[in-house]
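Please look through the sequence and the model below before reading on.

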Amino acid sequence: MIASQLIEWTVTQLSHAVERGQLDLYYQPIVDLRSDQITGAEALLRWRHPSLGLLPPGQFIPLAESSGLMPEIGAWVLGEACRQMHEWHERMSGETPLYLSVNLSGKQVSWSEITRQVEHVLRETGLDGRWLRLEMTETVMMDDADPTLGVLSDLKKLNVSLDIDDFGIGYSSLRYLHRFPIDCLKIDR
């Protein structure tokens with residue numbers, strides 16, 4: 001099979017992954033080291049590929065972005081993660097709720113409907129925006145800074161936290177961060 005056919009075959013498989021229930025979310029606990037308490041969880045996407053096994057996002061997200069599948073996959077991730085977190089909050093009655101971190105790809109942040117999508121998911125799942133942390137890489141913000149600033153400002157109106165993940169792998173410096181409504185900075189190794 002030539003490379004273009006292989007890519008087309010994989011895009012077709014990936015486009016059916018949501019409807020076939022092949023995408024899974026795993027939740028990595030986030031622990032406060034002072035209190036030793038779990039304070040949150042990060043949703044981590046995996047694709048249970050029928051013949052290749054469990055694939056991490058680095059092996060299929062670039063393909064999802066380049067083929068235009070990211071809005072659908074991103075919507076599924078956001079909706080499923082917020083639904084699960086709201087369910088956990090219901091079970092934890094009386095305890096301090098956990099926060100949820102969800103990664104946004106560059107295509108999602110630049111997508112004009114992302115704010116409406118987040119607002120819809122929060123309303124649909126009943127999760128309060130203050131318990132949602134949206135993570136993106138610094139390159140997402142710096143590649144197209146002015147439009148991204150507008151999107152991030154709109155997202156902040158939903159009371160969500162905006163976090164930069166893997167800071168230091170790109171080309172930005174701390175002095176540029178003051179332009180953006182960022183709540184947390186996760187520094188890369």
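## Two crossing helices

The axes of α3 (residues 70-91) and α5 (residues 114-125) come within 9 Å and cross at roughly 30°, where axes are lines fitted to C-alpha atoms over the stretch in contact, and angles run from 0 to 180 degrees between N-to-C directions. Because angles under 35 degrees count as roughly parallel, α3 and α5 are described as roughly parallel to each other.

On the α3 side, the contact (heavy atoms within 4.5 Å) includes Pro-71, Leu-78 and His-86, and on the α5 side it includes Val-118, Val-121 and Thr-125.

## How the model was treated

This is a predicted model, in which local features need pLDDT of at least 70 and side-chain atom pairs count only at pLDDT 80 or more, while totals for chains, interfaces and linings use all residues. Residues are numbered from 1 along each chain as its sequence is written, and side-chain values use heavy atoms, with hydrogens and water left out.

The protein has 7 helices and 7 strands, which are DSSP runs (helices H or I of at least four residues, strands E of at least two) numbered from the N terminus. Of its 189 residues, 41% are buried, meaning under 20% relative accessible area, whereas exposed means over 50% and partly exposed lies in between (1.4 Å probe, protein chains only).

Beyond its neighbours within four places in sequence, Val-118 is in contact with residues including Leu-78, Leu-132 and Leu-134.

Glu-135 belongs to strand β5 (residues 132-137) and is buried, with a relative accessible area of 1%. Among the residues that Glu-135 touches, leaving out those up to four places away in sequence, are Glu-42, Asp-163, Asp-165 and Lys-186.

Most residues other than glycine have a negative phi. Asp-36, however, which is not a glycine, has a positive phi of about 65°; Asp-36 is found in the loop between β1 (23-32) and β2 (37-49) and is exposed, at 62% relative accessibility. Asn-159, also not a glycine, has a positive phi of about 70°, and Asn-159 lies in the loop between α7 (145-156) and β6 (161-167), where it is partly exposed at 47%.

How values were computed:
Parallel < 35°, antiparallel > 145°, perpendicular 65-115°, else oblique.
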